[in-house]
Amino acid sequence: MKKKVLSVLLTSAMLATLLVGCGGKDNSADNSTATGTTTDTTNQTTSNDTASQPTESADNSKDADADNSGSAEEVTLKWAIWDQETTQYWGDIKQAYETAHPGVTIEMVDLGSTDYMTVLATELSGDGSDFDVVTIKDVPGYATLVQKNAIVPLDDYISADGIDLSQYAGATDQVLVDGKLYELPFRNDFWVLFYNKDLFDAASVAYPTNDMTFEEYDALARQMTDTTFGSQVYGAHYHTWRSAVQLFGVLDGEHSILDGEYSFFKPYYEMVLGQEADGVCRKYTDLKTEGLHYSAAFSGGDVAMVNMGSWFIATMITNLQTGEYDSDLCGNWGIVKYPHAEGVEPGSTLGTITGLAVTSATDTPDAAWEFVKWVSGEEGAAVMASSGNFPAIMTDEVMGLITGLEGFPTDDASKEALNVSNLYLEVPYAPNVSEINSILDSYHGSIMEGTMTVDEGIESMNTEVSKVLAE
C-alpha cells in the first residue's frame, strides 16, 4: 500500500510539472526548453573579461563541510525561479538542501513563467540586484545573461571540485561561451519514440527497437500504415515544431542549427514529406489548420509512432489514470530510443536543459556555488526524480524512481530507452541564436506548407543565417 500511495503522489507531481513544462513548449514553434518560451537576445559580441570570477574569500563562502554539520556559518541564498505554486520540485529542492546544510536558508523568488528570462535579465541589470543563484530557462536567455556579465563562469569551481561533466551526456559542451561554462544543468528533457503496442499487435508487426536507423524507422512506419477509409492507421506522426523533423539531422554529432549551411536537413525533409504524400503521417497543413495537438493525435488510437519529448510520459501516465485518455485506444504504449543515422550511436537524441548559475552580484559566491553543485549533482537528481521529473544526471537510483512509477511501461525496452548516450541540444549556445531560430522556423514552415521546395527552403536558410553569422 505504501508503494501505491507513493506512486500516486509522484504521478500527481508529474502532472503539476507537466502543466508548467509542456504548456510552454506548446506555445512556441521550437522552444529551447520544455518549460518555457524563448527570449530575444542581442547580437553584441560576448565578452567574459569583466565577468566576476569565483572567489575563495572565507568571509563570503559557505564551505562544503556544512553538509550534515551544525557548525556552518548562517547564510541566506536568494534564488530566482518561476511558477512556485504549481511546480513541486522547487520546494522539494529547498527543503532537501536546507536539511542537508544546516545554517543555509534558500529564499525562492518567483518571477513568473511569462517572459521569465526577460524579467530576470532586467532584475540583474540593476545595481540593487541581490540574487545569488538564478535558474536558466532557455539558451537565448542564457546568452543574454552572459553578454550582460550578470552570471559568472564556473570553471574554477568545477575544476577545484573535480566535477565530471561527462555525466551530462555532452550537454555542457554545447553551452560553452569562449570555452567557459556559466551554468550547470539540473533538469533535462529529451526526445524518444512513443508507440502504440496494440496497433503493432493487431498488424502482427514487431515493436520498434532501441536501435533503429532512419531507414528502418521509415520502413516500419510504412509497414504500419493502413490507408483504408474508416480504419486508417498512421504509421508516424510529426508535430508542427521544426524540431520534430529538422533536428533529426543533428543527431550525428557533426552538425547543429548554428552551422549556416543546412543541406544535412534534406534527407529528413524528404523522408517526412514522402510519408505525407503516401498517407503514412498527417499533413503539416492539416495539423496547422485543425490545430491538432500531438497528444490528441497519439491518444486517439490511430497513430502507431510519434517522436516527442520525455515530458509526454507524464501526460500519458496521468491522463490514462484519470480517464482523460481512453485506455482501449492508447493504454498499451511503450517508448524506445530515437532512430539514428547509419553509424551513429543508439541513444543519441535531442534535448533541452534547465540550469543554475551564480550571479556576479552575489556577496556569497562560494555558498551559491555549493547550492548549484548540489542541485545539479546526484543528490539533486534524486530529489527531482522523486517527483517524477527528469534530472540532468540519470543515475541508477533516478532510473529506478522513474521507471517504478505506476503507469510507466513495464517492458525492458521502455526502461532502456531512458539511457541517453549523446544529448544534442535543440538550441546550443550562440550570441545570435534567437535570430537563427527565427529564420529556421520560418523556412521550415515554408517547406512543410509546400510554398518552397526543400532545396529552395534550405538555400534560403543558408543565405539568411549566413547574414546573421557575418554580423
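In which strand is Asp189 found? Asp189 sits in strand β6. These close-ups come from a predicted model, where local features need pLDDT of at least 70, side-chain atom pairs count only at pLDDT 80 or more, and totals for chains, interfaces and linings use all residues. Residues are numbered from 1 along each chain as its sequence is written, and side-chain values use heavy atoms, with hydrogens and water left out.

**View 1. Asp189 and its side-chain partners.** Asp189 is buried, at 4% relative accessible area (buried means under 20%, with a 1.4 Å probe and protein chains only). Its side chain makes polar contacts with the side chains of Arg187, at 3.0 Å, and Ser310, at 3.4 Å. A polar contact is a pair of N or O atoms within 3.5 Å, one able to donate a hydrogen and the other to accept it.

**View 2. Strand β7 beside strand β6.** Strands are DSSP E runs of at least two residues, and helices are H or I runs of at least four. Strands β6 (residues 184-196) and β7 run antiparallel, joined by 5 bridges; two strands pair if DSSP finds at least two. Val192 has Met308 in β7 as its bridge partner. Because 5 of the 5 residues of β7 (residues 305-309) are buried, this strand is largely enclosed by the rest of the structure.

**View 3. Helices α3 and α4 packed together.** Helix α3 (residues 116-125) meets helix α4 (residues 139-147) at an angle of about 10°, with axes 10 Å apart. The two are therefore roughly parallel, a term for angles under 35 degrees. Contact means heavy atoms within 4.5 Å; among the residues that meet are Leu120 in α3 and Tyr142 in α4.

Conventions
Buried means under 20% relative accessible area, exposed over 50%, partly exposed in between (1.4 Å probe, protein chains only). Axes are lines fitted to C-alpha atoms, for helices over the stretch in contact, and angles run from 0 to 180 degrees between N-to-C directions. Angles under 35 degrees count as roughly parallel, over 145 as roughly antiparallel, 65 to 115 as roughly perpendicular and the rest as oblique.
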